[in-house]
Amino acid sequence: MIRLLLLILLVQALAGAADRPAEIRIGFATIGLQGQQRAALSPISTAHQLGLVDKAFAADGIRISWTFFKGAGPAVNEAIANGQLDVAWQGDLPAIVGRAGGLRTKIVAACGLRGNSYLVVPVASPAKSITDLVGKRIGMFKGTNLQLSVGKILAANHLTERDFRSINLDTSSGLAAMLAGEIDGLWGGLELHHLTNVGGVRILYDTRGADPVLTRQTHLLVTADFASAHPDLVQRLVDVVVRQAAWESDESHREELFRLWTESGFPIITFVSDFAGTALRDRQSPLIDPFLINQYRQSAATALAQKLIRTPVSIDGWFDPTYVERAVREQGLEKLWTTYGEDGKPVR
Amino acid sequence: MSRSTSILSLALLAIAAAPAADDIATLEQRIQVLEKSQKDLLDRIRSLLDSQVVQEDVQGVTNSLESFKYQYQRDRETKSPVSVRGITITGGLAARYAATNRSKTSAGADGKGGNANGTASANPAIVNGRNNTFDVAGAFVNFSGSLYRDYAEGRNLTFNLRFDGTPQTGAAIGNSFANLTNANVVYSPLPTTSQDIDRLTITLGQQTLPFGLEANTTEELRPVINSAQFVGATGVGRREIGLVFRGDFGITYDYGYNYRSSLISYNFGLVNGNGPNRADDNDYKDIIARVDVKLPTEYNSWLRELRLGVSYYHGRQVIAGATNAAGALLPGASTYYEGARKRYGLDLYYNHFPFGFTYEFVRSVDDVAAGSSTTERRGNSHTATLFYSFGSQFLASQRNVGAFDDYWPKTWQPFVRFDRWDPDIKISGNHTDIYTVGLNAFFAETTKAQLNLTHKREKLPSGAARPNTAGFITNEIIAQLQYGF
C-alpha cells in the first residue's frame with residue numbers, strides 16, 4: 001500500500017514537472033535609453049533588475065527570458081499574437097487595442113500607476129498655457145497610451161485635438177522637429193522631462209499633482225493560455241511583484257529606488273522630479289481597484305471615440321485580481337495600499 | 001541663614017532633584033542615540049567632503065572635453081566619409097556553388113547545356129564538360145538619402161543611386177562592370193508623418209517597374225535564389241527610365257500592432273520602355289499600371305495580408321526586320337518595324353506569419369519579325385511559392401529588441417516553388433518547368449545561407465533546333481551565402 005502511494009506521488013511529481021515550461025518569456029513595452037535592457041517605474045522592472053524573478057523560478061529549473069521592445073506596446077502585441085511571449089508589461093491603450101483585436105490575455109496586477117504626461121515647448125516659446133498653443137503645430141506619438149492621456153487633459157481644458165494642428169511624431173522625430181522649429185510643442189512622458197534637464201525645451205504643462213484620471217496606467221498581463229495552464233507560476237510571479245511593490249512603496253527606499261532606476265539611462269533628478277509630491281505607495285501599488293478598472297473602461301470608450309479601435313471592447317472579465325489579493329493576504333500587506341474608487345478618491 | 005544651613009539645604013535640593021535609576025537609563029540611551037547620530041553625521045560629512053567636486057576635478061573634465069573635441073574633429077577630417085547631405089550606404093553580395101547532373105559545354109547544340117541556376121548564362125566563357133562551379137552571382141552598392149526633409153508633415157524629397165556589379169560575357173578573364181541600376185528622386189506630395197493617412201510618391205528617373213510580385217519582391221516573398229523565368233524573359237524585371245506614381249488609399253491602421261493596411265494600392269507611370277541607361281528608341285512612352293486590393297483587416301484577422309493584384313504594361317518596341325542566314329533582310333521586309341509590347345499580370349499574395357503563399361500569372365504579347373512583316377507571339381508564365389518560417393525573423397517586433405550583443409532572431413525557412421514559362425503558347429510542348437525545394441537559414445541581421453535543389457524539365461517541340469518533346473532534364477544543387485551591409 002505504501003509502495004503504491006509512493007508510486008502515485010512519484011507519478012504526480014513527474015507529471016507536474018513535465019507540465020512546467022522550461023522558460024517563461026516576459027516582454028517589456030519599453031527600453032532604456034541608448035537601447036539598454038533596463039526599464040524603470042514599475043515593480044516588475046525593478047524585480048528584473050535585481051534578479052528576483054529569476055531567483056524565484058531557478059529552483060524549478062525554469063529560465064526567464066526578458067525582452068525589451070523598442071516598438072513599445074504594439075510590438076508586445078505582435079509578439080503575443082505570434083506566440084512569442086507569456087507575460088508582458090505594457091500600457092493601457094495598446095492592451096485595449098490588442099484585446100479589441102482578439103488577443104486573449106489577463107491583467108493580473110497594476111504595475112506602475114499614475115504616470116505623468118508632459119507638454120514641452122522650445123525654451124524661447126512665448127506660450128504660458130495649453131490654450132496659448134491653440135492653432136499651433138503640436139506633435140504627439142499617436143497610438144501609445146499618451147494619446148488617451150492627452151485627450152483627457154485637453155478635454156479638462158475644454159479643448160480637443162482638432163483645436164491644434166496635431167501631427168503624429170514619435171518622440172525622437174518630434175524632438176528633432178521641435179528643435180528645428182517645425183513644430184511648436186510636443187507631448188510626451190518621462191523622456192521629455194529628462195530633456196528639460198539637458199536643455200532646449202521647457203515644460204509648459206504636466207500632470208504632476210493633477211487629477212489622477214488624467215494620468216497613465218500600466219499593468220502586468222499574462223496570456224490566457226499561460227494563466228490557465230500554469231496558475232501556480234502566475235501566482236509565484238505576482239508574489240514577487242507584490243513583495244517588490246511593497247518595498248518600493250516604503251518612503252525610506254525612495255532614494256535607493258530612484259538610484260536603481262538610473263540604470264535605465266535617466267538621471268536620478270528625472271525620477272525625483274517626476275515623483276515629487278506623490279506618495280510612492282500610490283504609484284507602485286499593485287492593487288486592481290475600481291480606479292484602475294474604471295480608467296481602462298474610460299480608455300476603451302475614448303479609444304473607440306477616437307477611432308483607435310473599430311468595435312467596442314468589454315473590460316469585464318479582463319482583470320483577474322485574485323493573484324494580487326492572495327499575495328497581499330499572505331504577505332500581510334492588507335493595510336499598506338489604499339483602494340481608490342472610480343473617481344480616484346480613497347474608499348478605505 | 002547660617003552657612004551650614006545653606007549647605008544642608010543645597011544638599012537636600014540636589015538629592016531631591018537627582019533622577020531616578022530609570023531616568024538615568026533613559027538618558028544614557030538618548031546619549032547613545034545622539035552619539036550614533038553624531039557619528040552618522042560625521043560619516044556623511046566626510047563622505048560629502050570626499051565626493052565634493054574641487055577645482056582640479058573641473059579642470060580635469062574640461063581638459064578631457066577639449067581632448068575629445070580635438071580627437072573628434074581630427075577623426076572626422078581624416079577618417080570619416082563626409083557628404084553634403086546625409087547618406088545611407090548599403091550593399092550586398094552573393095557567393096555560391098552550383099553543381100548539375102548535365103555538363104555544360106560551349107557547343108550547347110547537343111542539348112547538354114544545362115544552366116538551371118543561371119550561372120552559365122551569367123558567365124558563358126568557353127567551357128568544356130563543366131558540371132560544377134563557384135560563382136559570384138552579383139554585388140551591389142546603394143546610396144540613398146534625403147534631399148529635403150519636411151519635419152512638420154513629411155513631404156520629403158529623397159534620392160536613390162545603385163550600382164550592380166555583374167560578371168561579363170566573353171572569354172576575357174576577370175571582366176566585370178558596375179552598372180548603374182537605380183538613379184531616381186522620390187517626392188512625397190502627401191504628408192507622411194501619420195501612418196493612418198493615404199500615401200503618394202512620385203519617382204522620376206531609372207527605377208524598377210511596379211509589375212506583379214516577383215519583379216519587385218523582397219527576400220521575404222522570394223525565398224528562391226533565382227528569379228522566376230518570366231522576369232528575365234518578359235523584361236518586367238529590368239530597370240526603366242520614366243515617371244511613376246505610387247500610392248494607396250482606404251487605410252486601416254491597427255494601433256495595437258502598428259499595422260498599416262491599404263484597401264487599394266495603385267501604381268501608374270510612363271517610361272521609355274527601352275531599358276536602363278539609354279534614351280528612348282521611339283516616340284511612344286510605355287504605360288505601366290498596377291492595382292492591388294487588400295482586405296481591410298486588423299492585425300489579428302486570419303485574412304491579414306491577403307492581396308489580389310493586377311498589372312498591365314503597354315508599350316511599343318522597335319523590331320528589326322527578319323533576315324536570312326547571311327544577315328540580309330528577307331525580300332519585302334523593312335529594316336525596322338514598330339510593334340506592340342504588352343504584359344498582363346495577375347497575382348495572389350498571402351503572407352500570414354509563419355505561413356506564406358504567392359501565385360503569379362503573367363502573359364506577354366510581343367510583335368516579332370516574321371517573313372516580310374511581323375506576327376504576334378504570346379507567352380505565359382505561372383509561378384507559385386509556398387513557404388513556412390520557423391523563428392521570428394519576419395516579426396518586426398522581434399527585429400527591434402534591446403540587446404547588448406549582435407542579436408538577431410534566427411530563422412529557418414523551408415519552401416517549395418513551381419515555375420513554368422511558355423514563350424509561345426501557339427506551339428504546344430514548348431515550355432520549361434522548374435521545381436525547386438529549398439531551405440533558407442537567416443542567422444545574422446544581413447546574412448543568410450540558402451540551399452536550393454532544382455529539377456528542370458525543358459520541353460522543345462519537334463520543329464525546334466534541338467527538339468526534345470519529353471524534355472531535357474537538369475537537376476541542380478545551389479548553395480549560396482548572401483550577405484549585406
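This is a predicted model: local features need pLDDT of at least 70, side-chain atom pairs count only at pLDDT 80 or more; totals for chains, interfaces and linings use all residues.
Strand β4(A) is joined to strand β10 (residues 218-223) of chain A by 5 bridges. These two strands run antiparallel. β4(A) is mostly covered, with 5 of its 6 residues buried.

Now widen the view. The open sheet has 5 strands, in the order β2-β1-β3-β10-β4 (chain A). Its pairing is mixed. β2 (63-68) and β4 (105-110) of chain A each have a single partner strand, so they stand at the edges and one side of each lacks a neighbour in the sheet. On average, neighbouring strands of this sheet are turned by 25° against each other, direction ignored.

Within it, A:Ile26 has A:Trp66 in β2(A) as its bridge partner. Strands of a sheet pair through backbone hydrogen bonds, either parallel or antiparallel.

The two pairings can be set side by side.

| Strand pair | Bridges | Direction |
|---|---|---|
| β4(A) and β10(A) | 5 bridges | antiparallel |

**The nonpolar cores**

The largest nonpolar core has 83 residues. Those that touch the most other members are A:Ile96, A:Val108, A:Ala109, A:Val238, A:Val241 and A:Val324. Helix α10 (residues 231-248) of chain A supplies the largest share of this core, 9 residues. In soluble globular proteins, nonpolar side chains tend to be buried together.

What does A:Val324 contact, leaving aside its neighbours within four places in sequence? Its contacts are A:Val108, A:Ala109, A:Val238, A:Val242, A:Pro286, A:Leu287 and A:Ile288.

Another core lies apart from the largest one and has 27 residues. Among them are A:Val120, A:Val150, A:Phe164 and B:Tyr151.

Take helix α11 (residues 254-261) of chain A. Its residues A:Leu257, A:Phe258 and A:Trp261 are buried. Why are they on the same side of α11(A)? They cover an arc of only 95° around the axis, which puts them there. The face turned away from the buried side carries exposed residues: A:Glu255, A:Glu256 and A:Arg259. The buried residues of α11(A) pack against α10 and α12 (268-274) of chain A.

Helix α7 (residues 171-179) of chain A also has buried residues: A:Gly174, A:Leu175, A:Ala177 and A:Met178. Their arc around the axis is only 160°, so they lie on the same side of α7(A). After α7(A) comes A:Gly181, with a positive phi near 80°.

Chain B has 485 residues, of which 26% are buried. It holds 6 helices and 16 strands. Take the contacts in chain B with a separation of 6 or more: 58% of them join residues 24 or more positions apart.

How many residues of chain B are in contact with chain A? There are 22, and they touch 35 residues of chain A. Helix α6 (residues 396-399) of chain B gives the most to this side, with 3 residues. By class, the side of chain B that touches chain A has 10 nonpolar, 10 polar and 2 charged residues.

Terms used:
Residues are numbered from 1 along each chain as its sequence is written. Chains are lettered from A and ligands numbered from 1 in the order in which they are written. Two strands pair if DSSP finds at least two bridges between them. Helices (H or I, at least four residues) and strands (E, at least two) are DSSP runs, numbered from the N terminus. Axes are lines fitted to C-alpha atoms, for helices over the stretch in contact, and angles run from 0 to 180 degrees between N-to-C directions. A nonpolar core is a set of buried Ala, Val, Leu, Ile, Met, Phe, Trp, Tyr and Cys residues joined through C-beta atoms within 7 Å. A residue is buried if 20 or more other C-beta atoms lie within 10 Å of its own, exposed if 12 or fewer, and partly exposed in between; C-beta atoms are placed from the backbone. Two residues are in contact if their C-beta atoms, placed from the backbone, lie within 7 Å. Ala, Val, Leu, Ile, Met, Phe, Trp, Tyr, Cys and Pro count as nonpolar, Asp, Glu, Lys and Arg as charged, and the others, Gly among them, as polar. The arc is that of the directions from the helix axis to the C-beta atoms.
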